[in-house]
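Have a look at the model first.

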Amino acid sequence: MTKKEAIKAAQADVRAGKDRKAVFETYKPMVPRPLHLASAIASVPREEAKSANRVLNLVLVGLLLLAGLLKAVGLFGALASTNVLLAMGLAIVSVAVPFLFAYEVNRFNGQIYGILTILAAASLLNALIRLPEAPVSGLIFAVLLGAILALSIVLRTKVAPAFKAFGVKTDGSGNYLLG
């Protein structure tokens, strides 16, 4: 069994309701870096966390889709007068990235919330820096990014509590906390 197959099998076992620590110990010899296996196991949320946070998760998905569409419209509007093909290409890319994040958020992939938090914070900072250039649209986009940032932080702590900024939390003895 390859590393990738072992990680997928471990996630399937966790989704099936098996004990996370037992799954980790079972697949640990097959994965050269235990952190990768621990991250994969911790990224599978518990069913009660999914059901309790489904509405917030759907709001975050909607905000990501809205942000992607607004960014695409803005890019297309800004570049359409100079080069229509470039404007269409950038608009498609600017829609694709938030849509991919929305897809993973909709699947409750625990790892995506941390990445989304970092990217939303960077995008919010960029929007705030550029606010004087377009005050109305910039403010709308900054509020939208702020909401995405806040929801991604809240959902990361509720859906994937075992994750820290980079990696999985450990207990005092160095064992991974698997969620």
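## Helix caps and buried faces

Asn-109 caps the N-terminal end of α7, with a side-chain oxygen 3.1 Å from the backbone nitrogen of Gln-111. Helices here are DSSP runs of H or I with at least four residues, numbered from the N terminus. This is a predicted model, in which local features need pLDDT of at least 70 and side-chain atom pairs count only at pLDDT 80 or more, while totals for chains, interfaces and linings use all residues. Residues are numbered from 1 along each chain as its sequence is written, and side-chain values use heavy atoms, leaving out hydrogens and water.

At α6, the N-terminal cap is Asn-83, whose side-chain oxygen lies 3.2 Å from the backbone nitrogen of Leu-85. Just after α6, Phe-108 takes a positive phi of about 60°.

Here are the spans from first to last C-alpha; the expected value is 1.5 Å times one less than the number of residues.

| Helix | Length | Span | Expected span |
|---|---|---|---|
| α6 | 23 residues | 32 Å | 33 Å |
| α7 | 20 residues | 30 Å | 28 Å |

An α-helix has 3.6 residues a turn, so residues three or four places apart point the same way.

In α6, the buried residues include Ala-87, Ala-91, Pro-98 and Phe-101, and their cover includes α5 and α7.

Methods. Helices (H or I, at least four residues) and strands (E, at least two) are DSSP runs, numbered from the N terminus. A polar contact is a pair of N or O atoms within 3.5 Å; within protein, one must be able to donate a hydrogen and the other to accept it, and residues adjacent in sequence count only if both atoms are side-chain atoms. Buried means under 20% relative accessible area, exposed over 50%, partly exposed in between (1.4 Å probe, protein chains only). Contact means heavy atoms within 4.5 Å.
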